[in-house]
Amino acid sequence: MDNVCIDSLILKLHDVGAVKFGEYKLKSGMMTPIYIDLRVLVSYPALMNQVSSLMYQRVQDEGLQFDSVCGVPYTALPLATIICSQHELPMLIRRKEAKDYGTKRLVEGSCREGDTCLIIEDTVTSGSSILETAEVLYKEGLKVTDAIVLMDREQGGVEMLASQGIRLHPIISMFKLLNVLLAAERIDAQTAQSVRKFIVDNNTFSRKEECGNGVPATKKPCVEQNLELSYEDRATLPNVHPLASKLLKIMGEKQSNLCVSADVTSSEELLQLADSLGPKLCVLKTHVDILQDYTVAFSQKLQALAENHNFLIFEDRKFADIGNTVKHQYEGGLYQISSWSHIVNAHAVPGPGVVKGLGSVGKPLGRGCLLIAEMSSQGSLATGEYTKAVVKMAEEQSDFVFGFICGSKITKRPEFIHMTPGVQMKAGGDVLGQQYSTPEEVICNKGSDVIIVGRGILEAPDRLKAAEAYRKSGWEAYTKRLGQSGQ
């Protein structure tokens with residue numbers, strides 16, 4: 001479905017007052033900062049025709065098979081009527097209550113037992129209105145497999161209906177709507193953030209296997225795992241690690257998901273990189289053991305630059321020994337990594353002891369760890385069952401582990417951050433087996449959160465210009481991913 005058409009429709013809906021911001025009470029009794037009032041469409045026939053056309057286009061795009069159409073009373077009835085009239089489709093009308101005279105039927109129209117009916121709805125929160133209509137149709141011997149809705153508030157309706165065997169096909173999602181209105185300066189960032197937080201905090205459906213008894217809930221018992229949240233929204237999740245929260249907030253504030261891999265051998269050059277590129281990045285990754293002139297003064301200066309330019313330091317140490325050994329490697333020795341690096345990483349090969357050893361040092365200091373789940377080198381053995389085991393280890397020790405080094409998104413839990421190395425503007429590889437992917441491939445297609453760029457910036461004639469190009473490319477891929485999730 002054409003994004004331009006959807007964006008234009010959203011702005012028109014806002015123009016006619018179908019989208020309102022403030023404090024409103026929903027059918028469920030829940031108070032909401034945004035209200036979708038599509039009843040006003042009846043006064044705008046051109047807009048109602050556009051909505052109906054987009055809904056029918058979605059029916060065709062999905063290849064849906066059905067024998068009749070039924071609109072949920074009452075707002076969706078005109079939409080269903082237009083669709084059926086324009087395309088000569090049989091329509092059914094569901095009454096909200098049976099009359100005490102005449103046929104006393106709850107479903108008006110001609111239907112046969114075993115027929116499939118497509119439901120049309122205007123707005124979905126929990127999905128209960130669609131389910132109520134479906135249950136009335138079931139009593140008439142009809143089947144319901146699909147429903148088309150103009151606006152999905154993304155509060156659990158899709159999942160609840162899926163649990164009842166009904167696929168919901170939204171035209172517009174709440175997050176898509178917010179992104180369009182924000183981009184068009186119809187709302188400010190604070191309003192958008194307030195609504196996003198409300199949506200996340202008030203999911204109406206709990207999955208049986210994850211959250212409880214699987215019935216609609218009045219208060220969100222868990223976070224919907226398939227929802228594409230913004231960096232800022234993820235930063236406020238109840239179970240997010242404090243360091244992950246800080247990083248996500250930095251990413252949102254600086255509009256940057258760029259981590260620069262500062263693989264240089266001179267302390268002075270590394271500090272110059274941190275100072276010049278600091279405004280463009282969210283994380284600076286170091287390999288302190290390749291520095292030829294490391295001093296404690298260097299680490300102090302690096303911390304000051306991180307504070308000044310608002311980025312985190314990530315020492316790419318790749319710890320891979322027993323707990324007691326990595327504990328000493330982390331806090332002691334020449335580099336005393338725990339004293340200056342916000343983030344470290346580790347291989348999962350030694351087992352959970354490696355995380356416990358690092359955590360015993362890092363947790364009191366507010367540090368965090370990334371587990372290496374996948375690598376960007378050709379022939380890497382970090383795949384398949386190993387990667388799954390890494391995710392499990394992270395989930396069991398999420399008080400210190402807050403994310404992964406990986407090639408793509410490996411868990412749907414939004415509390416975890418995915419960072420992907422081997423990023424360049426052009427895909428390919430080098431003679432030593434390093435494999436490169438583009439920022440769009442990594443962020444938009446593979447679902448990662450942070451691009452790690454080394455030689456693409458360090459070997460550029462103008463490092464600052466190159467860093468800005470990667471920052472822009474990574475951020476555009478992220479906003480594109482958010483937009484796609486709202487389709």
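Cys369 sits across from Val401 of strand 14. This is a predicted model, where local features need pLDDT of at least 70, side-chain atom pairs count only at pLDDT 80 or more, and totals for chains, interfaces and linings use all residues. Residues are numbered from 1 along each chain as its sequence is written, and side-chain values use heavy atoms, with hydrogens and water left out.

Strands here are DSSP runs (E, at least two residues; helices are H or I, at least four), numbered from the N terminus, and two strands pair if DSSP finds at least two bridges between them.

| Strand pair | Bridges | Direction |
|---|---|---|
| strand 12 (residues 343-347) and strand 13 (residues 368-372) | 5 bridges | parallel |
| strand 13 and strand 14 | 4 bridges | parallel |

Strand 13 is largely enclosed by the rest of the structure, because 5 of its 5 residues are buried (under 20% relative accessible area, with a 1.4 Å probe and protein chains only). Gly368, Leu370 and Ile372 cover one side, with Cys369 and Leu371 on the other.

To get from strand 12 to strand 13, the chain goes through helix 14, a right-handed β-α-β crossover (with the strands pointing away from the viewer, the path from the first strand over the helix to the second runs clockwise).

Zooming out, 8 strands close into a barrel with parallel pairing, in the order 9-10-11-12-13-14-15-18.

Methods:
Buried < 20%, exposed > 50% of the residue type's maximum accessible area, 1.4 Å probe, protein only.
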